[in-house]
Amino acid sequence: MFIQVAVPVPGLDLLTYAVPDGVATPTIGARVVVPLGTRVVTGIVVEVDVAPPAGREAPNADPGTAGAGRRTPNVKAIREVLDAGAFVPPEVVALARWTADYYAAGVGDTIPALLPPMARGGRADAHKTTRVAAITAAGLEALSAAQEVSGERAPETLALQSKLSAKQRNALELLAGTPTGIGTAALAARGIAADAVSRLARHGYISVRQDRVDRNPFAAGTDGGQTGVRPPSGPPSDPTRQLTGEQAAALDRLLALAATGEFRAALLHGVTGSGKTEIYIRLSSAVRAAGRRVLMLVPEIALTPAAATLFREAFGERVAIQHSGLSDGERHDQWQRIRRGDIDVVVGTRSAVFAPLEHVGLIVVDEEHDGSYKQEESPRYNGRDVAIVRAQRAGALVVLGSATPSMETYHNAVAGKYERVVLERRVLDRPLAAVTVIDMREEYAAEGPDVILSRDLRRGIQARLDRGEQSLVLLNRRGFATAVFCRQCAGTIDCPNCSVSLVVHGEGSSKRARCHYCNYTSRVPPVCPLCAGPYLEQAGFGTERVEAEVARTCPGARVARLDRDAIRRKGSLSALLNRFRDGEIDVLVGTQMIAKGHDFPRVTLVGVVSADVGLGLADFRASERTFQLLTQVAGRAGRGEQPGEAIIQTLYPDHYSIQLACRQDYPAFYEREMRFRQAMRYPPVLSLVNAVVRSRTFAGAMDDAADVVQKVREGDGGVLRVLGPAPAPLGKLRGEYRAQLLVKGTNRRRIREAVMAAISARPELARRMTVDVDPLSVL
Ligand code: ADP
Ligand code: ZN
């Protein structure tokens with residue numbers, strides 16, 4: 001008997017193992033201990049009763065009796081079966097398999113999302129490491145011996161008869177449940193102290209490794225562990241509250257879809273503040289009453305506590321949270337509760353789409369357009385799209401909620417694949433914010449070229465201060481100055497590892513130049529490193545400069561900044577948001593992190609310092625992102641009693657994404673943007689795969705990309721459009737050169753297969769390649 005096993009090794013596909021005679025065949029979803037090279041690892045059974053691997057001599061017996069005595073040489077046998085039943089529910093295993101296949105990843109890449117925590121600390125700087133303990137084969141053996149001695153549920157006295165103490169056994173059981181390992185800090189928090197860990201390690205029952213904790217500069221708004229944001233004050237959801245007419249109609253429609261008990265997909269297209277959350281809760285309540293379960297996805301870790309609190313108020317203890325910011329111990333416990341069936345509602349970020357929840361009847365993807373749903377490492381899945389597939393397989397209703405739906409989702413709604421349910425008004429008939437566009441060219445002409453805050457914006461902030469109201473000021477760019485350039489030779493100070501200029505952070509003695517991609521840091525030189533000229537100037541500005549500028553122009557204002565630099569310390573994000581909510585801060589300056597979800601009733605002004613930050617990027621989604629960001633951030637104003645105002649500064653006041661965001665006219669934006677996507681043949685008109693080749697030299701990257709391009713062209717029969725090779729817009733990153741090719745076509749499977757076939761002949765190249773199916777960005 002042969003089985004296929006997914007092992008937690010990046011890039012590895014399913015591996016085939018033999019089940020030795022006399023060992024019962026494990027079920028799909030059970031964990032097994034298997035040899036892999038010189039190591040022994042824990043994997044998950046994905047398929048049973050399979051044929052032996054291709055290329056080997058097949059056993060000359062029919063498949064049903066293949067295990068009976070004859071074993072194909074070269075196929076290794078599993079060492080041990082850890083679970084009598086499925087550890088991961090089979091439907092979740094199948095979903096992970098679909099994900100790996102669709103996103104051109106190894107099944108092994110999906111395992112961290114399937115199992116309780118990957119042992120990774122929360123935020124940490126680039127050099128920080130954590131100690132992670134993982135159970136070894138010897139440990140598993142010792143554990144199962146102990147379990148045999150003591151029977152299923154051992155009284156402690158029996159456990160003591162085995163070689164393990166009760167405590168050691170506890171530790172091993174815990175570790176057996178988390179084969180990727182658990183951080184020693186998390187173990188200590190569960191009463192397994194350092195000396196116990198080293199004793200187990202001395203016995204060889206566990207291995208202890210140092211895991212590097214990398215910060216990912218591409219991950220937007222990662223905020224590991226900072227979950228203490230208090231939900232809005234007052235009764236946030238009230239079952240007796242009268243729904244607005246629109247809300248009631250939307251809920252009726254969604255209830256009808258849920259009542260079919262079959263797969264249905266709906267877009268809940270509701271302007272900011274239209275009360276979508278109330279609908280999610282009442283819908284969940286109905287689904288729960290019908291005996292099914294609910295998965296509620298939110299884009300950001302920081303948004304989970306507020307959502308979870310609302311659901312807890314409605315459903316009590318049967319609500320769990322799943323996201324990577326929880327401590328290993330917490331995440332593990334929540335996972336087990338879900339797995340045991342003690343949970344009806346799971347609230348979490350994208351990886352929660354793989355939660356071991358059974359009988360799912362409803363999946364909500366809130367802010368479905370949000371880029372955080374896309375994982376920017378393998379498997380490069382979009383949690384929203386995996387959610388749709390999960391709902392399809394579970395016969396569930398999936399609700400995609402947004403004020404600014406992604407082009408893909410709206411396209412599907414227009415095509416009739418999703419039912420579109422609309423909320424056009426804010427609750428209590430609160431008006432949408434009044435939006436003013438400031439043409440910064442006029443402002444420069446009137447006030448000089450160094451103006452950062454226009455007269456209207458300065459006056460607006462001051463007026464809020466005078467009235468005791470609050471302002472949000474957005475600039476989607478961190479740092480003090482965004483470049484340093486030489487007036488003599490026009491050179492800029494660039495990162496030695498990446499093709500970008502360094503960003504200046506801090507002022508005075510704490511001034512440093514830093515790369516936002518690789519974190520390279522240097523002091524800002526007094527003279528030009530290229531020509532030795534003394535005329536170095538700082539150009540461009542980021543959030544730090546805006547913060548200083550608000551403080552300078554509005555004396556007495558209590559100003560704070562919210563961006564990735566400001567919340568490096570654990571807990572600082574929630575502390576900052578709570579201070580703002582409590583009125584201890586008047587003006588909050590920040591990046592897109594301030595645009596998301598949070599509900600601050602006393603904010604009546606939102607200023608956008610430059611709406612143009614994203615527009616200059618060579619990315620086909622630049623306009624879509626700009627429209628979404630502006631609409632969302634304007635939606636942060638006037639959510640309380642007082643009406644809101646938004647002031648948007650731009651050099652391109654006529655650009656359609658800015659114009660239409662000001663009018664908050666989504667359908668018009670969609671029409672206009674679709675014309676562009678049609679003309680340029682970009683998604684959602686076609687499917688797109690972005691492949692990037694990395695190499696130590698520029699020529700090497702280009703040659704390899706050219707090779708792939710040629711093979712794709714040869715293999716596809718002329719059906720696909722292949723663009724490239726070309727230097728990637730970010731041509732060098734962390735010391736490696738990057739060349740890119742884009743493949744477009746109507747059939748995604750065909751594109752993926754053509755690309756995979758092109759690189760299959762060169763495994764060495766595959767390791768230097770990133771294949772991104774349905775990319776959110778092609779930079
Ligand atoms: P959205 O998610 O659509 O932006 P929310 O769900 O956050 O909007 O709702 C905005 C605010 O309106 C919240 O403070 C919520 O408690 C409140 N709210 C929702 N529905 C009602 C209602 N029917 N009556 C009064 N207030 C409501
Ligand atoms: Zn760099």
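Predicted model: local features only at pLDDT ≥ 70, side-chain atom pairs only at ≥ 80, totals over all residues.
Residues are numbered from 1 along each chain as its sequence is written, and side-chain values use heavy atoms, leaving out hydrogens and water.

**View 1. Welcome to the largest nonpolar core, with 109 residues.** A nonpolar core is a set of buried Ala, Val, Leu, Ile, Met, Phe, Trp, Tyr and Cys residues joined through side-chain atoms within 4.5 Å. Buried means under 20% relative accessible area, with a 1.4 Å probe and protein chains only. Phe354, Leu562 and Val712 have the most contacts inside this core. Beyond its neighbours within four places in sequence, Val712 is in contact (heavy atoms within 4.5 Å) with residues including Leu720, Val743 and Ala758. Apart from this core lies another, of 33 residues, among them Leu243 and Ile281.

**View 2. Here helix H1 (residues 90-102) meets helix H12 (residues 383-394).** Helices are DSSP runs (H or I) of at least four residues, numbered from the N terminus. The axes, lines fitted to C-alpha atoms over the stretch in contact, come within 11 Å and cross at roughly 135°. Among the residues that meet are Leu95 and Trp98 in H1, and Val389 and Arg393 in H12.

View 3. Is Thr184 buried or exposed? Thr184 counts as buried because its relative accessibility is 18%. Not counting residues up to four places away in sequence, Thr184 touches Arg131 and Val197.

Methods: Chains lettered and ligands numbered in written order. Buried < 20%, exposed > 50% of the residue type's maximum accessible area, 1.4 Å probe, protein only. Axes fitted to C-alpha atoms, helices over the stretch in contact; angles between N-to-C directions. Helix = DSSP H or I, 4+ residues; strand = E, 2+ residues; numbered from the N terminus.
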